[in-house]
Amino acid sequence: MENMKEKMEGLIYLEDGSVYRGYGFGAKATKVGELVFNTSMTGYQKILTDPSYKGQIITMTYPLMGNYGISDIDNESGGIHAFGLVIKDLCKNPSNTNCVKTLDEWLKEQDTPGVWGIDTRKLTKKIRTQGTIKCVISSEGISIEDAKRICGSQELRGDWMKEVSVKERTSLGEGGCCRVAVLDFGVKANILKSLMSRGCSLEMFPYGTSAQEILDYQPDGIFLTNGPGDPEEAKEAVRETAILLRDADVPIFGICMGHQILALAAGGKTYKLKYGHRGGNHGVYDTETKRSYITSQNHGYAVKMESIMLGGMEVTHLNLNDGTVEGMAHRELPVFSVQFHPEASPGPNDSQYLFDKFVTLMKGGKNHA
Amino acid sequence: MPRKASLNKLLIIGSGPIIIGQAAEFDYAGTQACKAIKEEGIETILVNSNPATIMTDEGIADKVYMEPLTEEAMEDILKKERPDGILAGFGGQTGLNLAMALEEKGILERYKVKLLGVNRESIEKAEDREEFKKLMQSIGEPIPPSIIATTFEECHAFVKKIGYPVIIRPAYTLGGTGGGVATNDKELELLCQRGIENSAIGQILLEKSVAGWKEIEYEVMRDSRDNCIIICSMENLDPVGVHTGDSIVVAPTQTLRDEEYQMLRDSAVKIIRSLEIEGGCNVQFALNPDNGEYIVIEVNPRVSRSSALASKAAGYPIAKIAAKIALGYNLDELKNYVTRETSACFEPVLDYCVVKFPKWPFDKFRTASRKLGTQMKATGEVMSICRTFESALLKALTSVEIKCDGMRIPFVSNLDNEGLMKKLAACDDERIFCIAEALRRELVDVESLYEMLRIDRWFLNKIKGIIDLEKTLQTQPLTKELLYEAESRGFTDTEILRLSGVPREVLQDIRIYNDIFPVYKMVDTCGGEFDAATPYYYSCYDGEDEVQVSDEEKILVVGSGPIRIGQGIEFDYCCVQGVWAIKEMGYEAIIMNNNPETVSTDFDTSDKLYFESLHIDNVMNVIKKERPYGVILQFGGQTSLNLAEKLYSRSINILGTPYQYIDLAEDREKFCQLLGEIGISVPEGMAVTTQEEAFAAVEKLGYPLVVRPSYVIGGRAMQVVYSDIELRRYLKEAVSISAEHPVLIDKYVQGKEIEVDAVSDGEDVLIPGIMEHIERTGVHSGDSISVYPHFTLSQEVEDTLIEYTRKITKALKVVGLVNIQYAYDGNKIYVIEVNPRASRTVPILSKVTKVPMVKLAVAVMLGRKLKDLGYGTGLYKKADYYAVKVPVFSNAKLTNMDMALGPEMKSTGEVLGIDTNLSRAVYKGFLAAGTRIPTEGTVFVTLRDPDKNAAAAKTIGRYAKAGFHICASEGTGAFLKEAGIEAEIISYQQALSQIGEEIHILINTPKVANRPESDTFPIRRKAIERGLPVMTCMDTAAAFLIAISMKQNETKLEYRPL
């Protein structure tokens, strides 16, 4: 059926030379990124605005996108971070009381290209079997030759966390319960909300802030956020976190990139998963409560299980599907982290208890990790 | 925790007969549960009175009690079997209610039987309205203002406070029986009374109506560790106000933002936790589209119709996992059966859109109210899967077998604008077609439709998109791009040809040159994230085809589509058996079907499952893909058989009886001629194509006559007429007579009706058993009480039946199954009907005679000979017990339908009463059917003139002798008096008011059926709605006396496994 689509302006070109054609939507643009898939059936706006997707082109496995449009209340950051969106079917007449514009309009505004009419299941299976792959997305009718050239001319970056972090120290929230130093690698709004709603006041620190500056703030707790890229590229953050691990005697909690940086700081290792975990349906087993939770996930890297043991950590959470590390805690210190996203958004809220645990620890509670 | 070691023997309660609101989904759930338990090495005992099911088949449970689902029977069985535990959550409301009763009476405790999966408190909390309200309040979940009432006065006072509209729901009922929305005092009174009567505990819930809100459902599972997962979310296209069983339902939710989705998910999880259910549960929500506010409508603390749908929609076997949880497993200890590698503790994701469409029985019940509301009326449903919503919707419409090829049906297309708008507002079963037509005619736009119907704009816009595409097809040249677009939005070839006006060859050429064919994608629970092992496919127009076609020889079984009256679960039974037999014979078995409730569409039934519409386009596409050695059409009832002509003309190898003979059996004239040649009589008759011809036929044949259109399912539109007036009315109202649609007029042979099911290999025939009907000819065989083995026929008659069957099967070259209905008037045997296919009685006879009929049928279709198959030929040896099939009706649920028995089938299900003694078997049959059996009180009798005879007088006399007070209408009273029977004469009016109060049994053989304005129609309706035993045929009335006397004598019944 591919020959039917010769005239279509939407193009997905993969580094291995394979081509998928569809209709362009959103901004007329061409971008290069890492192609990943996400299995969430709802939450496309939150996904696109999640800074962790910086540098990535997202294909959604659920075929009908844009159904409820775009609202003013579903942004996880100031705008779209993903480099492109690949979908099967685009809804042109969204319906929801909070809808203010269509997905198409929003992508245009946000200068992000989209392609629809793609066999996203085929693409997903391709990623599943070959791994995440470098990809060109174009909605402006470029030729395959152009796509190939553009693909070759740009390198994928792994240091996006440096770019999406806040540029200067920012105070947030007036809660009097705890002072939290937030090491920002590209935080999702709902993480901040989850902390503030528990009475925390937050101090956001830009990427590269020294451990000393953070300690000088005299926080009750330190939080390491999610963020895009390869954790091994976050050398400065790993170094400073190692100092914090040694010197700060307050609870530390990390999510996703924060978890990986914490692992590296503790002397552990991370590795790239073949195609990552992105969606809102993975079961995670909590070795402490012996219960399982359905989690929101978005990560391309994982922490090597054996590697963290030496650094004084133990595994607290395991992915039920592939047995990868989903969480760890320090054997003695009130330091813990998870690979998945307890702040959900999008995804299930089952693991919100982790924020409670962090707050309890900061208040000097005995909920020791 | 792994499974509890203390469980060595478990008992499962089935759901009994199929009724509206409780259908094939429980066969599916029960079968899965039995298999899940059995594979753990636990001895599995099943109690279910429904013989048509796969679950009661040999090999599913270790022991099957096909016995009435009564407390007495259960106690007896528990005493005998002493199981360690009992699973009630797989038998629908019937199973739960029965388990509750056993628990309450201390019977479970007495025999030390643990109730697994659900406990009494959970059931009470979920189903008792007051308890539920309390629980919701305690966990902070919103519910609408409501009261629990047991009297009308309470209801009235409540409404005064909160205003109309209000919803009335009886506690403990099936499919919302007796519920409704009241908008004024009169409706309130009616609904309250009916609701209180229908509730098992005399309670109803009155609540403020949230009609017009979005209706959202979640299927949740929980284990004993408190791990919870959502299997599937569903959004009803029809907003709150239409029962979800009667709604078009889409999975997953389409119009919910993540926050809204998660809000309801949190609530569903909280609810299942608070109920402490270990297994599956369904939670229904109403969501205010204007502000995102929600309320909890209802919780079903068990597997349900929705969970069957969710299982098929998501590919996650809810019942199987629920059974494992009941055994003690936790979700995170189980594997995903579809991927086989990943965990069962996850939430399935769909990478397609699912549409469920209900199948309603209104084509058969002309007088029944078509209005949809809170009482479910659908008998079955279809599901379709595709990558676009439009395509899923259109596929569903072609699946439901209402002869549509797109979003149009003639009745709606032919309405004038005013009529259309009126029907659109009426909220009936054809609303979706009205929406399409109104948009097509540009009488409305999406916004005005939304204001009127409160169907979410998203759905309306999608329908509008379909109409726009129709217009593009009408106005633009059919390019490859347009054809592809139309195909990927689900348009059928017929529709594309009609709209575009291009000849079929041109369309084919565009298709072939541009390779525009469907591909098949897999349902894998995970959106392609993991490799999956299950061969469960649907078609779509997209890039990659995932089907791997093997090198094996394949056989395709075409399924029976949605459950409807006249074509029920029996045919699914035959399809499943067929698939198993095909596998056993060493072929790859492929099934195509669209019914989400059934075992045939379970992911591990066949080697390959195509979940597809059975439209010829879709069937041919699968055949083209798989290139099967042959196709079996005789198991799927009329649905699959109707494809015979089309497949034959496309040179497809139809296994079994050749097409020419299938056609011949249905061509009245040719058929009669053939029978004449072999010396077998048929009731005299003819096919007519005009009124004049019809009355000429009357001249020749004389009344009474049986009239019907040719090619019918379940005697649809068949009637016995006694006079010119009735005939004229029939020709005018019931059928549109024409040259293409002849009407068959036959002499009505009064006598015994006999049913023979047989397997033939073209030479020999094997008759597993002969069933004799209690009711005389004139009552549809599906609605008659029938007895195996025959009990009044002489050896000579039996020999003749065997001989005739042999001759007919030979003459018709039957290979496989055949069902023949005979009439015997005391002198002569007539053939009424020959169905060269599986029939309703195949599962019954297979089970009672232990002759695997379907398996033999497959073997002979594949060239084996009966004489080599080990069951002999001729009539198989009789079993040493009687099996009495008693039909079960859903009359109470269908407002204004006439329940009088006639040639048109009305029952939705059946039960079997089995005993060595015929009377006891009859008694068991009535018990199992749930018929109320009064032992004293008053019988009201009113008979039509042809029934005022000696036999009827004798029967009524026996009621009198049994101690019943006899009341009668004037004419009937006079007749009885003449016959020496005392009867109090009362008017119809008096009778109507006394139904359910002073009157306990109604015996009424109506002059005419289907006439709401007649004197007796309202009496029958009221009696049915009040749950009275109603006999509309004197033979049934006589049989019922057997049950009455058994009960009066407190006959002790024995319960035995098959």
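In this predicted model, strand S17 (residues 270-286) of chain A runs antiparallel to S18(A), and 11 bridges join the two. Within this pair, Tyr271(A) stands opposite Ala302(A) in S18(A). The two strands make up a hairpin, with four residues lying between S17(A) and S18(A). One residue of the turn, Lys290(A), has a positive phi of about 55°. Strand S18 (residues 291-303) of chain A is largely enclosed by the rest of the structure, because 12 of its 13 residues are buried.

Stepping back from the hairpin, we can turn to chain A as a whole. Chain A contains 11 helices and 21 strands. With a radius of gyration of 20 Å, close to the 21 Å that the globule rule gives for 369 residues, chain A is as compact as a globular protein of that length. Its C-alpha trace spans about 65 × 45 × 40 Å along the principal axes of chain A. Of the 369 residues in chain A, 60% count as buried. When contacts in chain A between residues at least 6 apart in sequence are considered, 76% of them join residues at least 24 apart.

Chain A is divided into two domains, with domain 1 covering 2-153 and domain 2 covering 160-362. Taken over C-alpha atoms, the centres of domain 1 of chain A and domain 2 of chain A are separated by 28 Å. Contacts between the domains involve 23 residues of domain 1 of chain A and 25 residues of domain 2 of chain A. On the side of domain 1 of chain A that touches domain 2 of chain A, the elements giving two or more residues are strand S3 (30-38), helix H1 (44-49) and helix H3 (120-130) of chain A. S3(A) gives the most to this side of domain 1, with three residues. By class, the residues on this side of domain 1 of chain A comprise six nonpolar, 12 polar and five charged.

The next contact to consider is the one between the chains. Here, 52 residues of chain B are in contact with 44 residues of chain A. At least two residues of the side of chain B that touches chain A come from each of helix H9 (258-275), helix H17 (457-475) and helix H18 (480-488) of chain B. H9(B) gives the most to this side of chain B, with six residues. The side of chain B that touches chain A divides into 17 nonpolar, 14 polar and 21 charged residues.

Strands of a sheet pair through backbone hydrogen bonds, either parallel or antiparallel. In chain B, five strands form an open sheet with parallel pairing, in the order S3-S2-S1-S4-S5. Strand S3 (63-65) and strand S5 (114-116) of chain B are the edge strands, each pairing on one side only. On average, neighbouring strands of this sheet are turned by 25° against each other, direction ignored. Within the sheet, strand S1 (residues 9-13) of chain B runs parallel to strand S2 (residues 43-47) of chain B, and five bridges join them. Leu10(B) has Thr44(B) as its bridge partner in S2(B). Helix H2 (residues 71-81) of chain B packs on the sheet, where H2 touches S1, S2 and S3 of chain B. The direction of this helix makes about 165° with that of S2(B).

Notes:
Residues numbered from 1 in each chain as written. Chains lettered and ligands numbered in written order. Predicted model: local features only at pLDDT ≥ 70, side-chain atom pairs only at ≥ 80, totals over all residues. Domains from an automatic or database assignment. Contact = placed C-beta atoms within 7 Å. Nonpolar A, V, L, I, M, F, W, Y, C, P; charged D, E, K, R; others polar. Rg over C-alpha atoms; globule rule 2.2 N^0.38 Å. Buried ≥ 20, exposed ≤ 12 C-beta atoms within 10 Å, placed from the backbone. Pairing = 2+ DSSP bridges. Axes fitted to C-alpha atoms, helices over the stretch in contact; angles between N-to-C directions.
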